[in-house]
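Here is a short tour for someone new to this structure. Keep the sequence and the 3D view open while reading.

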Amino acid sequence: LCEVEAGPTLEEPGLDDQTEAYSTTPQAEGSPWAQSAQTEFYDDVTGFPLEAPMVREAREEEMNYLVNELNIWEVVSRDSAIERMGGVRPIPVRWVDINKGSEAAREYRSRLVVTETKSRSTIAPEDKGAVFSATPPLEAVRMLGSLAMSIGGNTLQQDVESDVVIGFLDISRAHQNVDMTRELYTDLPVEHPQHAEGKVGRLKRHLNGTRDAGSNFEKMVQAVCEAAGAKRGDNLDAASPWPVVACTFCITA
């Protein structure tokens, strides 16, 4: 999970060399995206080999979502980006490819991550507040279980209308749907047509791996919930009673 969220660190030997050596082949017929010249792909979690055509298909799906649906980058020149970031070079990106299924029923997923670290970032290393996001303690989960069993007078399987249930909501691509609150430039993936022109991109929304993605996701969820009538927890931001619809929930980013 940590690898999917943050990607490799820039201190890993040879990372910059790998980024520069990541060349492309011409675009496939009918596709707006270039293809990696890489011929071997491996699962970033298990290390098992992956089928190249299926990996390319998964990456193309992700590029379509990032560029066509989210319009996640504003494409600019590299020199302009370096100047705007005070001499810091645009942050490299890399692909994380995994098989969420099995060998019998393959389900490939590719996610583009930013390899931002403390040593290469527009956030000061000592600014912990900018990257902090609250996490509910174990007691909050126990509280939800207790409320679910006690509210409604223990009428489980007797009065369905008064039963209280616990639901778990998993948001797909949560960070990519959060607006950036700072100016950050990244390399474009080699699949992007303007990568070959030496262009880079200013992020309009977060990618996995940006250091403040979790913090800004928490703030966005808080704003949406408060607009709907939720009340921020007195002692813990991540636990919010919601009197409007008589429910309590915990948020993890």
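Where in the chain does Glu116 lie? Glu116 sits in the loop between S7 and H5. This is a predicted model, and the tour begins with that residue.

Is Glu116 buried or exposed? Glu116 counts as buried, because its relative accessibility is 6%, and the cut-off for buried is under 20%. Its side chain makes a polar contact of 2.9 Å with the side chain of Arg182. The backbone nitrogen of Arg211 is also 2.9 Å from a polar atom of the Glu116 side chain. Beyond four places in sequence, Glu116 touches Ile91, Ser121, Thr122, Arg182, Leu184, Gly209, Thr210 and Arg211.

**The chain as a whole**

The protein chain holds six helices and 11 strands. It has 253 residues, and 37% of them are buried. Take the contacts between residues at least 6 apart in sequence: 64% of them join residues at least 24 apart.

With 26% relative accessibility, Val131 counts as partly exposed. Which residues does Val131 contact, leaving aside neighbours within four places? They are Ile123, Arg211, Asp212 and Ser215. Val131 and Ala213 are 82 residues apart in sequence, yet their C-alpha atoms are 7.5 Å apart in space.

**Helix H6 and Asn216**

Ala213 is one of the buried residues of H6. H6 runs over residues 213–227. Its 15 residues should span 21 Å at 1.5 Å a residue, and its end C-alpha atoms are 21 Å apart, which agrees. After H6 comes Gly229, with a positive phi near 110°.

Within H6, look at Asn216. Asn216 counts as buried, because its relative accessibility is 8%. Its side chain makes a polar contact with the side chain of His206, at 2.9 Å. Not counting residues up to four places away, Asn216 touches Val178, Asp179, Thr181 and His206.

| Side chain | Partner side chain | Distance |
|---|---|---|
| Asn216 | His206 | 2.9 Å |

**Helix H3**

Next comes H3, residues 52–69. This helix has 18 residues. From first C-alpha to last it reaches 25 Å, close to the 26 Å expected.

Which residues of H3 are buried? They are Ala52, Val55, Ala58, Arg59, Glu62, Met63, Tyr65 and Leu66. These residues lie on the same side of H3, because they cover an arc of only 160° around the axis. In general, an α-helix has 3.6 residues a turn, so residues three or four places apart point the same way. On the other side of H3, the exposed residues are Pro53, Glu57, Asn68 and Glu69.

What covers the buried residues of H3? The cover includes six strands: S2 (35–36), S3 (41–42), S4 (49–50), S5 (73–77), S6 (93–99) and S7 (108–114). H3 is followed by Asn71, whose phi is positive, near 50°.

**The sheet with S5**

S5 is part of that cover, and it also belongs to an open sheet of three strands. The order is S5-S9-S8, and the pairing is antiparallel. S5 and S8 (185–187) stand at the edges with a single partner strand each, so one side of each has no neighbour in the sheet. Ignoring direction, neighbouring strands of this sheet are turned by 40° against each other on average.

How many bridges join S5 to S9? Five bridges do, and S9 covers residues 199–203. Glu74 stands opposite Arg202 in S9. Val76 has Val200 in S9 as its bridge partner. S8 and S9 are joined by three bridges and run antiparallel. Thr186 stands opposite Gly201 in S9.

How values were computed. Residues numbered from 1 in each chain as written. Predicted model: local features only at pLDDT ≥ 70, side-chain atom pairs only at ≥ 80, totals over all residues. Heavy atoms only, no water. Helix = DSSP H or I, 4+ residues; strand = E, 2+ residues; numbered from the N terminus. Expected span 1.5 Å × (residues − 1). Buried < 20%, exposed > 50% of the residue type's maximum accessible area, 1.4 Å probe, protein only. Arc of directions from axis to C-beta. Contact = heavy atoms within 4.5 Å. Polar contact = N/O pair within 3.5 Å; in protein donor to acceptor, adjacent residues only side chain to side chain. Pairing = 2+ DSSP bridges. Axes fitted to C-alpha atoms, helices over the stretch in contact; angles between N-to-C directions.
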